[in-house]
Amino acid sequence: MPTIYEQLRKSYEDVIAENLKTDDMLSIKAFRKHYISLLKDSTNLKFYKYYKPTYFTIRNLEKDLLMCNNPSAFNDIYEGMVTSDKLDSSEVRSIITNVSSAVSISCFSETWDNLLMYAHYADSFRGFCIEYNFDYIRDRLPLLYFFPVIYQSQPVSLEQMQKLNDDINQVKAAFKEDSLTIEKIDDVISYFIHKANIWNYEREWRFIIPVTQYGNYFNSKDVSADKHFIPNFDCISAIYLAPNIDDLHKEHICEIIKKKNKERAESGSPYPPILVYQTKIQEAKYMLEKKQVVI
């Protein structure tokens, strides 16, 4: 039986294959009927995000803020890369830079126990992983802009990138003048759903929010900011503490979760208490195990 992640990926890839039969530019509108409908109807949707234990990540945990970043800050040098037969490499790179400034992205994984993710994104096993249950805030999530990443052997070729680049400049100008009237440029998303096969261990999913939606989902619609925050992202169902997390960070996180659980209980929330797990390595296997922490 396919997992819900596999079912969603299959629906998503089918829409893309059908769309590109008739148009070399991926239209996000094509997702509305099938993939987005399945996504909205799915239950027990849990996704995971790995964090370094910094002041800002722990504060965001406490404040129920989900940070989204400009993709130019990501660690993949090919982020947003496309190929073009009509433009030279410098022109392509210039356009990619501009396209990157037109979205803000937050990345998730399908699992809590990915060793490479703890190594790369959780401060070499000193951080933590948050389990988000999207069922808790389904009506408030920007699911129209939530997609799995497709892994492939080479960058995509989208010859309409120049037109999209012009559209982005118009959108930016409209925002500055507070007179946004042109059609939404959701198709910018299509540049950020592909990555090289080498990244497939991440099993990545993304919120990819275009500038036209900043005012709807973020606490600021400033298109020049490198970071944006989705407020009230209060759908945490579990925390996984990495094996080498510092005792002070562990204590701080446990205090935050204890407070959140008290608030849920006192408010009559229908959602269960947030669970905290301490992970540790299994000496006989390359795997992590977990044990619930009493808080």
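On a 1 Å grid over the protein atoms alone, a pocket is an open set of points with protein on both sides within 12 Å along at least five of seven lines, whereas a cavity is a set of points where a 1.4 Å probe fits but cannot get out; lining residues have an atom within 4 Å of a point. Grid points are joined across faces, edges and corners, and a volume is the space filled by probe spheres set on the points.

The model is predicted, with local features needing pLDDT of at least 70 and side-chain atom pairs counting only at pLDDT 80 or more, while totals for chains, interfaces and linings use all residues. Residues are numbered from 1 along each chain as its sequence is written, and side-chain values use heavy atoms, with hydrogens and water left out.

**Exercise 1. Describe the largest pocket by its volume, its lining and the elements that supply the lining.**

Step 1. The space in the largest pocket comes to about 840 Å³.

Step 2. Its lining consists of 37 residues, and those nearest the centre of the pocket are K49, Y50, M67, N69 and Y121.

Step 3. Sorted by class, the lining holds 19 nonpolar, eight polar and 10 charged residues, where Ala, Val, Leu, Ile, Met, Phe, Trp, Tyr, Cys and Pro count as nonpolar, Asp, Glu, Lys and Arg as charged, and the others, Gly among them, as polar.

Step 4. At least two lining residues come from each of β1 (46-51), α3 (55-63), β2 (66-69), β4 (103-108), α5 (115-121) and β5 (128-133); helices (H or I, at least four residues) and strands (E, at least two) are DSSP runs, numbered from the N terminus.

**Exercise 2. Which residues line the largest cavity, and what is its volume?**

Step 1. One cavity of 30 Å³ or more is counted, and the largest cavity has about 30 Å³ of space.

Step 2. The residues that line the largest cavity are N69, N70, S101, V103, S104, Y214, V223, A225, D226 and H228.

Step 3. This lining divides into four nonpolar, five polar and one charged residues.

**Exercise 3. Which residues of α8 are buried, and why do they lie on the same side of the helix?**

Step 1. Helix α8 runs through residues 247-267, and its 21 residues reach 30 Å from the first C-alpha to the last, close to the 30 Å expected at 1.5 Å a residue; the expected span is 1.5 Å times one less than the number of residues.

Step 2. The buried residues of α8 are I253, C254, I256, I257, K260, N261 and R264, where buried means under 20% relative accessible area, exposed over 50%, and partly exposed in between (1.4 Å probe, protein chains only).

**Exercise 4. Carry out the corresponding analysis for α3.**

Step 1. In α3, T57, I58, N60 and L61 are buried.

Step 2. Seen down the axis of α3, the buried residues fall within an arc of 155°, so they line one face of the helix.

Step 3. On the other side of α3, Y55 and F56 are exposed.

Step 4. The cover over the buried residues of α3 includes β1, β2, β5, β11 (227-230), β12 and α8.

Step 5. Just after α3, D64 takes a positive phi of about 60°.

Conventions. The arc is that of the directions from the helix axis to the C-beta atoms. Contact means heavy atoms within 4.5 Å.
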